[in-house]
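Please consult the sequence and the model shown here while reading.

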Amino acid sequence: MTDRPRWFTDTKDGHSAWYVERFRTMAAEGVDLAGEARLIDAATAPGSRILDAGCGPGRVGAELHARGHTVVGVDADPVLIAAAEEDHPGPRWVVADLATLALDEEPFDLAVMAGNVMVFVAPDSEQSVLSSVRAAVRPGGRVVVGFATDREYALADFDADVAAAGLVHEQRFATWDLVPWTEDADFAVTFLRVP
């Protein structure tokens, strides 16, 4: 067992730089990269405090910041955080492991975990990640998690970890544009509530 996120152990050397350039290229080509941010913006009040947990190079947090939210983005990969700082000034970008997250911040209204964050955390840390993110969100706030269902981390395990972390399942969709959930969906976007 390792406490290193799968992002580092299950990818090849140079993966982080490739990932940064991939999204820079898509942005330059005019690809719509704001789908997750549009949903999160619609799901929370204007001017909300949002935690972009597992923010990568910052595309979701940057769009939420542009829409008037106060955003803090957190990722364990310093290469991704450096790209977020370079490409998207405005939000606060922090290098930290979500399993041990302890920000000196007032509680957030919502946390978003887009881009397969849950399948890239360290094995057996998923419940700790959900608990840490839950602790950063105010009572009554939401945690929205999206990830592919064909990976090592099964949706049934996620649901068990959600319950163990003290989060309440509200809704599930098959995409970030609210396609209804079905058992054969290859992606899940789950809305959770902090009691």
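In this predicted model, helix α3 covers residues 35–43, and its buried residues are E36, A37, L39 and I40. Viewed down the axis of α3, these buried residues fall within an arc of 160 degrees, so they line one face of the helix.

What do the buried residues of α3 pack against? Their partners are listed below.

| Element packed against by the buried residues of α3 | Residues |
|---|---|
| Strand β1 | 49–53 |
| Helix α4 | 59–66 |
| Strand β4 | 108–113 |
| Strand β5 | 137–148 |
| Strand β7 | 187–193 |

Turning to the protein as a whole, its secondary structure consists of 8 helices and 7 strands. The radius of gyration is 15 Å, close to the 16 Å that the globule rule gives for 195 residues, so the protein is as compact as a globular protein of that length. The C-alpha trace spans about 40 × 40 × 35 Å along its principal axes.

Of the 195 residues, 49% are buried. Among contacts with a separation of 6 or more, 67% are between residues 24 or more positions apart.

The accessible surface amounts to about 9,100 Å², and carbon and sulfur atoms contribute 51% of it. As for charge, the protein carries 16 positive and 32 negative side chains, with the centres of the two sets 3 Å apart.

Technical notes
Residues are numbered from 1 along each chain as its sequence is written. This is a predicted model: local features need pLDDT of at least 70, side-chain atom pairs count only at pLDDT 80 or more; totals for chains, interfaces and linings use all residues. Side-chain values use heavy atoms; hydrogens and water are left out. Buried means under 20% relative accessible area, exposed over 50%, partly exposed in between (1.4 Å probe, protein chains only). Helices (H or I, at least four residues) and strands (E, at least two) are DSSP runs, numbered from the N terminus. The arc is that of the directions from the helix axis to the C-beta atoms. Contact means heavy atoms within 4.5 Å. The radius of gyration is taken over C-alpha atoms; the globule rule is 2.2 Å times the number of residues to the power 0.38. Accessible areas come from the Shrake-Rupley method with a 1.4 Å probe; for residues, only the protein chains shown count as cover. Lys and Arg count as positive and Asp and Glu as negative; His and the chain ends are not counted. The place of a charge is taken as NZ of Lys, CZ of Arg, CG of Asp or CD of Glu.
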